[in-house]
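Q: I would like a close look at one part of this model, taken slowly and with the terms spelled out.

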Amino acid sequence: MRRIAQAAGILMAVALVAGAAYALSYTISVQTNSSSYVGVATVLVSGQVSPAPGPNTAVLLRVFNPNRMLVTADQAGVNGTTGLFSASFVAGGTSAWIDGTYVLNGTWGAYGPTIFSMATFFWSSQPTTTTTTATSTTTTTSATATSTS
């Protein structure tokens, strides 16, 4: 009986090690279509969960302003075959949107540990203007010729 218990213990250990060898490690990427936005603007978000996770999963997207306040949140469905996802949101339009650098956080965790990726972008309520002043100086030289006869 003791040998059976030992054999069962060894088999269980082998099964656990073999199962761990086949465990998948997922990664996620997230990005926006531009590094900066002005005023009320549509921000396009895209990314990928890799390897492709299969059907019926989503990425939680959250945007935080420079004061670390949540300004918008949404879900983006993940394509089960490719792992790709996309979404959009409107930047600006509320008092939570203040000039500065924003953090976009994409979180996915359908199978096991939660994974996340971050991207940043700059948002400003007004376009940045640059004033250039040009100065030019014009010098005119004239010559007079005299003749004697």
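How many cavities of 30 Å³ or more does the structure hold?

A: The structure, a predicted model, holds 1 cavity of 30 Å³ or more (a set of points on a 1 Å grid over the protein atoms alone where a 1.4 Å probe fits but cannot get out; lining residues have an atom within 4 Å of a point). Residues are numbered from 1 along each chain; local features need pLDDT of at least 70, and side-chain atom pairs pLDDT 80 or more, whereas totals for linings use all residues. Side-chain values use heavy atoms, without hydrogens or water.

The volume of the largest cavity is about 60 Å³ (the space filled by probe spheres set on the points, which are joined across faces, edges and corners). Its lining consists of Val45, Leu61, Val63, Thr72, Ala73, Asp74, Ala87, Ser88, Phe89 and Leu104, and β4, β5 and β6 (84-91) each give two or more residues to it (strands are DSSP E runs of at least two residues, numbered from the N terminus).

Strands β4 (residues 57-64) and β5 (residues 70-78) run antiparallel and are joined by 8 bridges (at least two make a pair), with leucine 61 standing opposite aspartate 74 in β5. Beyond its neighbours within four places in sequence, leucine 61 is in contact (heavy atoms within 4.5 Å) with Val30, Val45, Thr72, Ala73, Asp74, Ala76, Phe85, Ala87, Leu104, Asn105 and Gly106.

How values were computed: Helices (H or I, at least four residues) and strands (E, at least two) are DSSP runs, numbered from the N terminus. On a 1 Å grid over the protein atoms alone, a cavity is a set of points where a 1.4 Å probe fits but cannot get out, and a pocket is an open set with protein on both sides within 12 Å along at least five of seven lines; lining residues have an atom within 4 Å of a point.
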